[in-house]
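Subject: Handover of a structure

Dear colleague,

Please find below the structure that I am handing over to you.

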Amino acid sequence: MALITCRDLSLGYDGREIVRNLSFEVNAGDYLCIVGENGSGKSTLMRTLLGLQNPLYGTIAFGDGLKKNEIGYLPQQTVVQRDFPASVWEIVLSGCQNQCGLRPFYGAAEKKLARQNIEKMGLSALKKRCYRELSGGQQQRVLLARALCATKKMLLLDEPVAGLDPKVTQELYSLIRSLHEEGLTIIMISHDVSAALLEADHILHVGSPLFFGTKDEYMRSEHARIFMGKE
């Protein structure tokens, strides 16, 4: 069943169109990688899917009971965010905010969920540590644990391995792969097409022209030959 259906989207900001006539579906259990040149509109699409900005034209429909505020999101970090003076526990627990409803505090269920995701990401020993004291890979695990607190269905990941060394990159890809195998639907922006083709089952190439299809279809496409230098 389609969790997200996008039809004839035009995306941009301040009235300037970046992407036009974009249509694709994300079904439950998919692993979709969004690739394309810098400035092609990948992050704009991600923000639009999250409801942080509106499309210029077109429609986005959510299915199977999915709501925008039930999507786990791991954004690209800024320098200021990497220096955030909060504990691992506080940051992960903040991912449960949408589950609190009108309650101004976290209950036992939210705290249990935060503990479970801290453990799943291998962060139990760092629970009381300050976030800004952690390595880049550890910080990404914290943010992934936080994102998991917000969802049982879908994760949106914006360049999750940017700036990480090769060993930590592979460890994070392995974590994301295991989450997908457990049943989470994954949408990931990646600048690394080779890695995207190893991880994903569907590819959305944002650019001109657009492409959406399976990994195998992408490998046979003109997009792959041009973008990956396969003449």
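A pocket is defined on a 1 Å grid over the protein atoms alone, as an open set of points where a 1.4 Å probe fits, with protein on both sides within 12 Å along at least five of seven lines; its lining residues have an atom within 4 Å of a point. This is a predicted model, in which local features need pLDDT of at least 70 and side-chain atom pairs count only at pLDDT 80 or more, while totals for chains, interfaces and linings use all residues. Residues are numbered from 1 along each chain as its sequence is written, and side-chain values use heavy atoms, with hydrogens and water left out.

The largest pocket is lined by 25 residues, and those nearest its centre are Tyr73, Pro75, Ser94, Gly95 and Arg146. Two or more lining residues come from each of strand E5 (71–74), helix H3 (88–93) and helix H5 (136–149); helices (H or I, at least four residues) and strands (E, at least two) are DSSP runs, numbered from the N terminus. E5 contributes the most, with 4 residues. The volume of the largest pocket is about 550 Å³, where volume is the space filled by probe spheres set on the grid points, which are joined across faces, edges and corners. Its lining comprises 13 nonpolar, 9 polar and 3 charged residues. Here Ala, Val, Leu, Ile, Met, Phe, Trp, Tyr, Cys and Pro count as nonpolar, Asp, Glu, Lys and Arg as charged, and the others, Gly among them, as polar.

The second largest pocket holds about 470 Å³ of space. It has 18 lining residues, of which Leu148, Ala150, Thr151, Lys152 and Lys153 are the closest to its centre. Helix H4 (108–120) and H5 each supply at least two of the lining residues, and H4 gives the most, with 3. This lining divides into 6 nonpolar, 6 polar and 6 charged residues.

Some individual residues also deserve mention. Glu159, in the loop between strand E6 (154–158) and helix H6 (166–181), has a positive phi of about 50 degrees although it is not a glycine. The C-alpha atoms of Glu159 and Ser43 are separated by 9.4 Å, although the two are 116 residues apart along the chain. Ser43 belongs to helix H1 (residues 42–49) and counts as partly exposed because its relative accessibility is 23%.

Yours sincerely

Conventions:
Buried < 20%, exposed > 50% of the residue type's maximum accessible area, 1.4 Å probe, protein only.
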